[in-house]
Amino acid sequence: MYDVFITKASKYLPNEPVSNEEMETYLGLINDAPSKARSLILRNNKITTRYYALDTEGNPTHSNAQLTAKAIEGLFDENFKKEDMKLLSVGTTSPDQIQPSHASMVHGELNIGKSIEINTATGLCNSGMNALNYGFLSVRAGVQESAVCAGSERMSAWMTADKFNHEAENLILLEERPIIAFKREFLRWMLSDGAGAFLLENKPRENGISLRVEFIDFYSYAHEIEACMYAGCDKQEDGSLKSWADYPSDEWLKQSIFAIKQDTKILDKYILVKGAESLRASFDKHNLDPEKIDHVLAHISSGYFKDGLKEEFAKKGMDFPAEKWFYNLSEVGNIGAGSIFIALEQLMNSGTLKKGEKILLCVPESGRFAYSCSLLTVC
């Protein structure tokens, strides 16, 4: 077994930051009317700027594969060149197509001129951590000497007004208010585009910061809880999901079947409690002392959860002081599978880390409530 180190981190955020006031310029007005929910959602999520792979006319400027490739290109230097790549492992919620795989498309964008091993992790926020885990285990087992891992999203293309206008028009025909359901509109004001990437190697860099990966743990609570965040389907009265394939095609637009949706009542009930439960399980498993943790990077979808998460962790005996928490949500937005990569990239390149410090990564996934955590040591 080999030690595994994150020896370099990179990110790519498309175009210029978009302010709260500019969002509907990029995403458009549903049914030509300003959103009534936007200000409330933004006030709660505390996000002030985010990034879109769109121009002001709502036209795409980058694909997800291109965002990911640009983040990965930032890893290449004199110590690790493009042609040195042997394993590419990527995760996303929002691939550009159902098939081929996201990793295949990123490999094509990188144009490295040779065959490599690829892996795609799909799902929601944990897909980035799943991709990281695949690279971590490959290097640890000695299958590969290095791995390139990335998490990315291009959710803006899912959120443009034209994706929802048919549903709003249908509501007007039914003599209901000309708005879309809150569970469909909620995420329009939450999500951002971008990509982050790590280089994993079996030796630390001689100069600069390297982070030794101590472990990566995963927990799912799908055996207890129904789906909370979903797309390509719709939730039924009994909590089950009906697939897009089981709807007539003329219903796909009318009911926004492919829109990503959030059941906020279930979200509030479980997301923090189960996050604390899963992290406590990892601390017990590895016999960790919370006081020995120097930096806590917890992916949160909204600033609304910031204080509550700290409180829930404290209830489980993990009371991390406020100065140990590191967030960049307000500046970059919620980039889903890419968020933890982009947060760690900022911390790793901040010049503030010291040898021996411990960094805790925590990632929740509200899809059907899955969680991951990882411990890193600064070398």
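Reader: Where is P100 found in this model?

Author: The model is predicted. P100 is found in the loop between β4 and α4, the helix at 102-110.

Reader: What is the peptide bond from Q99 to P100 like, cis or trans?

Author: Start with the general idea. Most peptide bonds are trans, and most residues other than glycine have a negative phi. Now this case. The bond from Q99 to P100 is cis. Its omega is near -5 degrees.

Reader: Phi came up too. What is phi of N15, positive or negative?

Author: Positive. Phi of N15 is near 60 degrees, and N15 is a residue other than glycine. Look for N15 in the loop between β1 and β2, the strand at 18-19.

Reader: Let us step back. Into which domains is the protein divided?

Author: Domain 1 covers 4-208. Domain 2 is made of 213-229 and 261-378. Their C-alpha centres lie 19 Å apart. In the contact, domain 1 takes part with 49 residues and domain 2 with 40 residues.

Reader: How do I read the area between domain 1 and domain 2?

Author: The size of an interface is often given as the accessible area lost when the parts come together. Here domain 1 and domain 2 bury about 3500 Å² between them. Carbon and sulfur atoms carry 69% of that.

Reader: Which residues of domain 1 lose the most area to domain 2?

Author: C125, N126 and M129. Together they give 19% of what the domain 1 side buries.

Reader: How many residue pairs are in polar contact between domain 1 and domain 2?

Author: The count is 16 residue pairs, both residues at pLDDT 80 or more. Several elements of domain 1 supply at least two residues each to the side that touches domain 2. Among them are strand β1 (5-12), helix α2 (38-45), strand β4 (87-92) and strand β6 (146-153). Helix α5 gives the largest share, eight residues.

Reader: What is the make-up by class of the side of domain 1 that touches domain 2?

Author: That side has 21 nonpolar, 20 polar and eight charged residues.

Reader: On to charges. How many salt bridges does the structure hold?

Author: First, the idea. Side chains of opposite charge can pair when their charged atoms come close. This structure holds 17 salt bridges. Between domain 1 and domain 2 the count is one.

Reader: Which residue meets K11 in a salt bridge?

Author: E345 does. The N to O distance is 3.0 Å. For another pair, take R38 and E24, with closest N and O atoms 3.7 Å apart. R38 is in helix α2, and E24 is in helix α1, residues 23-27. This pair links distant parts of the chain, 14 residues apart.

Reader: Which feature does UniProt place at residues 65-164?

Author: The unreviewed UniProt entry places "domain: Thiolase N-terminal" there. Over residues 65-164, the chain is 33% helix and 20% strand. The end C-alpha atoms are 25 Å apart.

Reader: And what does UniProt place at residues 284-363?

Author: The feature "domain: Beta-ketoacyl-[acyl-carrier-protein] synthase III C-terminal", again from an unreviewed entry. Residues 284-363 are 32% helix and 12% strand. The end C-alpha atoms of this span lie 18 Å apart.

Conventions. Residues numbered from 1 in each chain as written. Predicted model: local features only at pLDDT ≥ 70, side-chain atom pairs only at ≥ 80, totals over all residues. Heavy atoms only, no water. Domains from an automatic or database assignment. Contact = heavy atoms within 4.5 Å. Buried area = accessible area lost by both parts, 1.4 Å probe. Salt bridge = Lys/Arg side-chain N within 4 Å of Asp/Glu carboxyl O. Polar contact = N/O pair within 3.5 Å; in protein donor to acceptor, adjacent residues only side chain to side chain. Helix = DSSP H or I, 4+ residues; strand = E, 2+ residues; numbered from the N terminus. Nonpolar A, V, L, I, M, F, W, Y, C, P; charged D, E, K, R; others polar. UniProt positions renumbered as here; feature names shortened; annotations may be inferred.
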